[in-house]
Amino acid sequence: MPQRLSFLGTNLAYSSARVVILGVPLERTTSWRGGQAQGPNAIRSASDSIEFFSHHFRKDLRDIGIADLGDLDPYRAFEEILAEEEAEVEKILRDGKVPVVLGGEHTVVVPAVRAARKFGPLQVLALDAHSDLRDEYLGLKLCHASALRRAGEVAENLVIVGARSFFGPDLDEPFFASLKDFPEKLRPDLPVWLSVDLDAFDPSLCPGVTNPEPGGLSWSEFIQILQKLQGFRVLGMDLVELAPIWDPSGVSAVCAAKILVESIAALWG
Ligand SMILES: [Mn+2]
């Protein structure tokens, strides 16, 4: 039987999966350099080099059940892509499964959080080098630079870890947390949507992003974040901003695939 590219080579049927991967190769509001549209398939391809087993969380991903739906068609109007993503994420959640959205630019967090909000109040934990809190950027209300502002308007609580690039007034916003205090800033009574912008990590680890920023998270810090998140109910996640064209060694794509493996093992294993 012909095999298409899929995360960890999984060809599990949707009906028997607990975790459902959805690629959204959106690349429309890039302001400096692009390449995120190739992110989802680069992650799938890199996942071939990764084991199913997480030694950090003692889980085998084959026991969890992962289906990969492939990518949404990106050759359509911006709003149409976002609307289809929202409908897909809503369906996955309604079916009692865990949506994992692969970007694409960070804008894809917004339809995902809108979909999740239909099932009740929630909060967003974002890992991001940039605050993404502009109200608009270059005339756009909805873009990569305003993504967390828009997601935060839908959610009851927003917490950002890893931010180290500010445009000024955003520095006084209440959303920023450290590795140490983020669990206290999350509300214990609300489910969490996890949004991982790959640029939250240090560029020495993940250089293949559109806007690299020195001074980022290390791998062990990320594992610590997942350990602390295990005390919360996490509805789903997105992983965004991998730009393979800026990743000549391929290490960023491998890191992205590994982020998914460890997140799935920690949060839904
Ligand atoms: Mn971002």
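These legends walk through several close-up views of one predicted model.

Local features are given only where pLDDT is at least 70, and side-chain atom pairs count only at pLDDT 80 or more, while totals for chains, interfaces and linings use all residues. Numbering starts from 1 along each chain, as its sequence is written.

**View 1**
Helices (H or I, at least four residues) and strands (E, at least two) are DSSP runs, numbered from the N terminus. Along the principal axes, the C-alpha atoms fill a box of roughly 55 × 40 × 40 Å. Buried residues make up 49% of the 269. Here buried means that 20 or more other C-beta atoms, placed from the backbone, lie within 10 Å of the residue's own. As for contacts between residues at least 6 apart in sequence, 79% join residues at least 24 apart; a contact is two C-beta atoms, placed from the backbone, within 7 Å.

**View 1. The open sheet of 8 strands.**
Follow the order β4-β1-β5-β10-β9-β6-β7-β8, with parallel pairing. Strands count as paired if DSSP finds at least two bridges between them. β4 and β8 (176-177) are the edge strands, each pairing on one side only. Helix α4 (residues 147-154) packs on the sheet, where it touches β6 (123-127) and β7 (157-161), and its direction makes about 145° with that of β7. α7 packs on the sheet too, touching β1, β4, β5, β9 (192-197) and β10 (234-240), with its direction at about 175° to that of β10. Axes are lines fitted to C-alpha atoms (for helices, over the stretch in contact), and angles run from 0 to 180 degrees between N-to-C directions.

**View 2. Strand β1, with 6 of its 6 residues buried.**
Val19, Ile21 and Gly23 point one way, Val20, Leu22 and Val24 point the other way, and all are buried. In a regular strand, side chains alternate between the two faces of the sheet. Look for 4 bridges from β1 to β4, which run parallel, with valine 20 standing opposite alanine 67 in β4. Another 6 bridges join β1 to β5, also in parallel, and leucine 22 has valine 101 as its bridge partner there.

**View 3. Valine 98 in strand β5.**
Valine 98 is buried, with 21 other C-beta atoms within 10 Å. Leaving out residues up to four places away in sequence, valine 98 touches Arg18, Val19, Val20, Gly236 and Trp268. Phenylalanine 7 is 91 residues from valine 98 in sequence, and the two C-alpha atoms are 15 Å apart.

**View 4. Helix α1 (residues 39-46), largely enclosed by the rest of the structure.**
Of its 8 residues, 6 are buried: Gly39, Pro40, Ala42, Ile43, Arg44 and Ala46. The cover over these buried residues includes β1 (19-24), β4 (66-71), β5 (98-103) and α7 (251-268).

**View 5. Helices α3 and α4, side by side at an angle of about 5°.**
The two axes are 9 Å apart. α3 and α4 are therefore roughly parallel to each other, a label used for angles under 35 degrees. In α4, 7 of the 8 residues are buried, namely Ala147, Leu148, Arg149, Arg150, Ala151, Gly152 and Val154. Those buried residues pack against α3 (109-117), β6 and β7.

**View 6. The largest nonpolar core, with 81 residues.**
Such a core is a set of buried Ala, Val, Leu, Ile, Met, Phe, Trp, Tyr and Cys residues joined through C-beta atoms within 7 Å. Val113, Ala151, Leu198 and Ala256 have the most contacts inside this core. The largest share of the core, 12 residues, comes from α7. Zoom in on valine 113 to find Val124, Ala151, Val154, Ala155 and Trp193 touching it, not counting residues up to four places away in sequence.

Conventions. A residue is buried if 20 or more other C-beta atoms lie within 10 Å of its own, exposed if 12 or fewer, and partly exposed in between; C-beta atoms are placed from the backbone. Angles under 35 degrees count as roughly parallel, over 145 as roughly antiparallel, 65 to 115 as roughly perpendicular and the rest as oblique.
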